[in-house]
Amino acid sequence: MGNSIIEPHREDFPLLMSLDAAYLDNAATSQKPYCVIDAERDFYKRLNSNPLRSFYDLSISATDSYENSRENVRKFINAKSTKEIVFTNNATSSINLVAYSYGLSNVKKGDRIVVAISEHHSNMLPWQMVAQTTGAELEYMKCDSAGVYSDEEIYRCITPNTKIVAVAVISNVTGSKAPIEKIISTAHANNAVVMLDGAQSVPHTKTDVQQLDADFLAFSAHKMLGPMGVGVLYGKEDLLEKMPPFLRGGEMIESVRLDRATFAELPHKFEAGTVNAAGVFALSSAIDYYNNVGIDNMERREQYLTNYAYQKLSKIPHVNVIGSSDPYNHSGILSFTIDNVHPHDVSAVLNQDNICIRAGHHCAQPFLAHLGIRSSSRASLMFYNTEEEIDKFVQSVASVRKLMGYGD
Amino acid sequence: MNSRNFYNEVLTDHNINPAHKREIENPNFELEGVNPNCGDDIILKLRVDDGIITDGGYVGDGCAISQASADIMLDLVIGKSTEEARRLAEMFFGMIKGTASDDEIEQLEEAGALKDISHMPARVKCAVLGWHTLDDIIDKV
């Protein structure tokens, strides 16, 4: 294979084969290959029973499928142990788990929490809550208009009283990669931990939590070819070990008395109630798909498509692409504005041309305000997209201003 | 409904060259209207004297439909009594629901250019933002 660009593999995705539209909203959710859809159904057809509870063969098979899936996730991000892989509902619930459990027990008045200004609300609002509850100070780390965080800004924000730093590996607005190695090493030098939002990075680029020395990493199955309703929290074992449970109830206990309880071992301590075993099984199938095609191959194709789209989009008059002028720092995400046209009108016009893109604030209102805009349109790519789809998209974008009554 | 045809001249003209997107002198009623899902946001200001809307203006940010609709609305209600304005608002809501008669749509004058919104559920909230804000202001008059 070498450095050649792989085929789009569209035949693996039933919705892409039947949809008469260009799906360019992959940062919101990816499409699902047959193997994932089949796995979800297969669990209910062959394995359905409540895992982790009972001692009959069927339940043991369900437990095995659940725990084998955990091992598959562990390998995918190179965690040390399956104890470090907690299944949740989505990346948002993973981050909330850390905020309520680690945050509320480790942060106190006088401490500082640092949140990158480019965060999705899901890695911002939980930290606002921890700051409000504990009286800690909330400091926002600011990037420039290309989405770049300078070393000076990192050093300014991460101080000896900092306890937590929250940052996305890749921004869902600009596609910029944050300097997470620098942020993590600076945080660790100040005895702080880092909450990484991997929702946009884990699906598109190889993740190695040991190499990163990551403390916490959250991501969602549905953005990486898997089903909706499953998220992952990676946490270092020694951190998770000391944290109190987040949700309490079934399956997360060791023993229960009327006035007290002791809790199950990791990771089950954090998986209260019946789990989404079918969804986890389907996520494991999505990871198999990644391993078969090769995430590096997918990333190379996505970089190729991003560059292809960037070159055309950025040349359209009155179109402003947000973030870096280097297409390789967009990771498939191209947010843009069109002079004097509201993004909702842009997406309405594109919808009529059978193109699916996102419009609005992308759940990152403070970031857009920091960039001096209220809302934008966003196209986001996946390896299964094609040059033809991008051409169609670019042509439609180029027609918008005329349609809205502007004379150019 | 096809969006390509939907953005007709009446709508694009009111969006690009709004007559009432401005601060007015001595407003005595003011209200903000927001569509939290899409971020459309207008602040409507009226001058009401003896039950008559003598002047009105709005400022805000939003899609062409929300902004043009507010502008067309003010064209229609300035100089009319609050009762008449409310009657027009109800006609407009009826038009959006697809229940207004041709005669009622005619009374809405240029606002009738938005009648096809009734076939575009995703954009209904944009079209009615100004009118709902007006309706809420009249409650306070």
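View 1. In chain A, 4 strands form an open sheet in the order E11-E12-E15-E14, with antiparallel pairing (two strands pair if DSSP finds at least two bridges between them; strands, E, of at least two residues and helices, H or I, of at least four are DSSP runs numbered from the N terminus). The model is predicted, and local features need pLDDT of at least 70, side-chain atom pairs count only at pLDDT 80 or more, and totals for chains, interfaces and linings use all residues. Residues are numbered from 1 along each chain as its sequence is written, while chains are lettered from A and ligands numbered from 1 in the order in which they are written. Strand E11 (319-321) and strand E14 (358-360) of chain A are the edge strands, each pairing on one side only, and neighbouring strands of this sheet are turned by 30° against each other on average, direction ignored (axes are lines fitted to C-alpha atoms, for helices over the stretch in contact, and angles run from 0 to 180 degrees between N-to-C directions). E11(A) and strand E12 (residues 333-338) of chain A run antiparallel and are joined by 3 bridges, with A:Val319 standing opposite A:Ile338 in E12(A). Helix H11 (residues 295-313) of chain A packs on the sheet, where it touches E11, E12 and strand E15 (376-380) of chain A, and its direction makes about 10° with that of E12(A) (two residues are in contact if their C-beta atoms, placed from the backbone, lie within 7 Å). Helix H12 (residues 343-352) of chain A also packs on the sheet, touching E12, E14 and E15 of chain A, and its direction makes about 160° with that of E14(A).

View 2. Strand E8 (residues 231-235) of chain A is mostly covered, with 5 of its 5 residues buried (a residue is buried if 20 or more other C-beta atoms lie within 10 Å of its own, exposed if 12 or fewer, and partly exposed in between, with C-beta atoms placed from the backbone). Strand E2 (residues 85-88) of chain A runs antiparallel to E8(A) and is joined to E8(A) by 4 bridges, and A:Thr88 has A:Gly231 as its bridge partner. Strand E7 (residues 216-220) of chain A likewise runs antiparallel to E8(A), here with 5 bridges, and A:Phe216 has A:Gly235 as its bridge partner.

**View 3. The open sheet of chain B and the helices lying across it.** Chain B has 6 helices and 3 strands, which follow the pattern α-α-β-β-β-α-α-α-α along the sequence. An open sheet of 3 strands has the order E1-E2-E3 in chain B, with antiparallel pairing; its edge strands are strand E1 (29-35) and strand E3 (52-61) of chain B, and the twist averages 20° from one strand to the next. E1(B) pairs with strand E2 (residues 40-49) of chain B in the antiparallel sense over 7 bridges, and B:Asp40 in E2(B) is the bridge partner of B:Asn35. H3(B) lies across E2 and E3 of chain B and runs at about 170° to E3(B), whereas H6(B) lies across E1, E2 and E3 of chain B and runs at about 150° to E1(B).

**View 4. The crossing of helices H2 and H3 of chain B.** The axes of helix H2 (residues 9-16) and helix H3 (residues 64-77) of chain B come within 8 Å and cross at roughly 85°. That angle makes H2(B) roughly perpendicular to H3(B) (65 to 115 degrees; angles under 35 count as roughly parallel, over 145 as roughly antiparallel and the rest as oblique). B:Leu11, B:Thr12, B:His14 and B:Asn15 of H2(B) make the contact with B:Ala64, B:Ile65, B:Gln67, B:Ala68, B:Asp71 and B:Ile72 of H3(B).

**View 5. The surroundings of B:Val141.** B:Val141 lies in the segment after helix H6 (124-140) of chain B and is partly exposed, with 14 other C-beta atoms within 10 Å. Leaving aside its neighbours within four places in sequence, B:Val141 is in contact with B:Phe29, B:Val48 and B:Thr82.
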